[in-house]
Amino acid sequence: MSKSEETFVGAIDQGTSSTRFLIFNVKGQIVASHQVEYENHYAKAGWVEKSPIEILESVDTAIAGTCRRFNSLGYDTAQIKGVGITNQRETTVAFDSETGEPLTNAIIWNDVRTKELVHSLIDEAGSSTRFASICGLPITTYFSAVKMRWMLENVPEVKAAREKGTLRFGTIDTWLIYKLTGNYVTDVTNASRTMLMDIKTFKWSEECLEFFGVRDSELPEIRSSAEVYGNINDGRLKDVPIGGCLGDQQAAMVGQSCFDPGEAKNTYGTGCFMLFNTGDKPIFSKNGLLTTVAFQLGPKAQPKYALEGSIAVAGSAIQWLRDKIGLIVSPAEMGFLADTVEDNGGVYFVTAFSGLFAPYWRDDARGCIVGLTQYATRGHLARATLESVCYQSRAILEAMRKDSGTELRRLRVDGGLTNSDQTMQIQADILDIEVVRPEMRETTALGAALAAGLAVGVWQSEGELRQIAQSNVTAFWSHITEEKRTEMLKGWDKAVERSLDWA
Ligand code: G3P
């Protein structure tokens, strides 16, 4: 096949702290990519926000950078047959349908400004899990409905647009698809993170809408994760269809080939998210996990469900050590530092900057470093930071065991932190199961590209996607004794108690 006959699929990966655009060939290999890093705004303690326009600009810049590289390799952007979108989930945008402009900054998923509101909503509902059997989620600061309600109560521009009937809400996928194609849609995976979708009917739930005070007309149409949502109306990718859309954690499920019940992956990004495929039926957690839609690969395809354990802080703790504390200059130093010590030296760091998510769900928990002695070094602190996400992953795995009744033997991992062999060894030591890291780590973007490629006919079947998503792997196994593990876990449990006691 000549160069000009080759076909490609693109993926926009809009994350919490960066945006990327990647182009994949039909074998699922990356041909070109470009990343734009950015900072969120922390206007007050607990507030995390970002201008939706800046998010959109970062997408344009990422697309331009990647397309330049792609062109310099001798390819034409007309060879890109479809684009998939994958995005930070729950982050909420409000915009005006008349002007197409945002009405306020996007409230990012880990923002906890709604803490008081959440307490009053729980009082009103009678329990934080009142709607869990409908939407799969507890009432917390994490999900979009609470952010929408806060905007309706606190942002005059949002109130005015409601009066005029021009208010539109959306998660980041909706905002991007709206600005790129003009169509107002979302997919089942992103909708399943709002607290407003009935996860059995895939429709907005009247009961949830009424409780949170959001109107059906203010929400996008819910579609599957693999179908054409519209063609890009401008720029370097003009006329290319957007054909795939998944929340980033669900996209990683597809990119990691977690297609069957019992398969699970853990993605270590800004936060860390473990998803366990439960097949055709939702399992409602009794142990602090979320019930979510894993993917629906086509309008007629059977939707698949997952149990999810979410950890609010993973890579963001490393960013904090770099930007606010000055312990390191670059994230890669973490591994070297952690390697200067044999163990954590009794130091534990509960990174509860935004409270503790699964399985604790305590928005009043706060970060704490305990067990310090004069013996402690920078290396111990680095190691305690890396261990923190691994202990939290263990707590989630325990909850998954209980909820699913299945013994997980193998965890697929991806995301920035998995580049560190030390961290993955620590993870295997703490979990005591096989931790499997693929050679191809861009699994989130790959998942979105696979969905888009399926929708536009670059690939024909889920079976073909499975083959492409298979990758060479490195496996990590525990190297420590059961006695050592028990001692480490005891220390962690005590540290978590301190973090929970803080309030
Ligand atoms: O639920 C939030 C999640 O989607 C954010 O992912 O990779 O940006 O930390 P990430």
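By class, three nonpolar, seven polar and three charged residues form the shell around the ligand; Ala, Val, Leu, Ile, Met, Phe, Trp, Tyr, Cys and Pro count as nonpolar, Asp, Glu, Lys and Arg as charged, and the others, Gly among them, as polar. The model is predicted: local features need pLDDT of at least 70, side-chain atom pairs count only at pLDDT 80 or more, and totals for chains, interfaces and linings use all residues. Residues are numbered from 1 along each chain as its sequence is written, and side-chain values use heavy atoms, with hydrogens and water left out.

Of the 13 residues around the ligand, those that come nearest are T16, R89, E90, Y142 and D248; a residue is near a molecule if one of its heavy atoms lies within 4 Å of it. An N or O atom in the side chain of E90 is 2.6 Å from an oxygen atom of the ligand. Polar backbone atoms also take part: one of T270 is 3.1 Å from a ligand oxygen, and one of G271 is 3.1 Å from a ligand oxygen. The ligand taken alone exposes 310 Å², and the protein buries 93% of that (Shrake-Rupley method, 1.4 Å probe).

Because W320 lies in helix α10 (residues 315-325) and F349 in strand β19 (residues 348-350), the pair ties together parts that are 29 residues apart in sequence. Helices (H or I, at least four residues) and strands (E, at least two) are DSSP runs, numbered from the N terminus.

Two backbone features remain. Most residues other than glycine have a negative phi, and most peptide bonds are trans. A358 and P359 are joined by a cis peptide bond, with omega about -5°; P359 is in the loop between β19 and β20 (368-370). S257, in the loop between α9 (248-255) and β15 (264-268), has a positive phi near 60°.

Notes:
A polar contact is a pair of N or O atoms within 3.5 Å; within protein, one must be able to donate a hydrogen and the other to accept it, and residues adjacent in sequence count only if both atoms are side-chain atoms.
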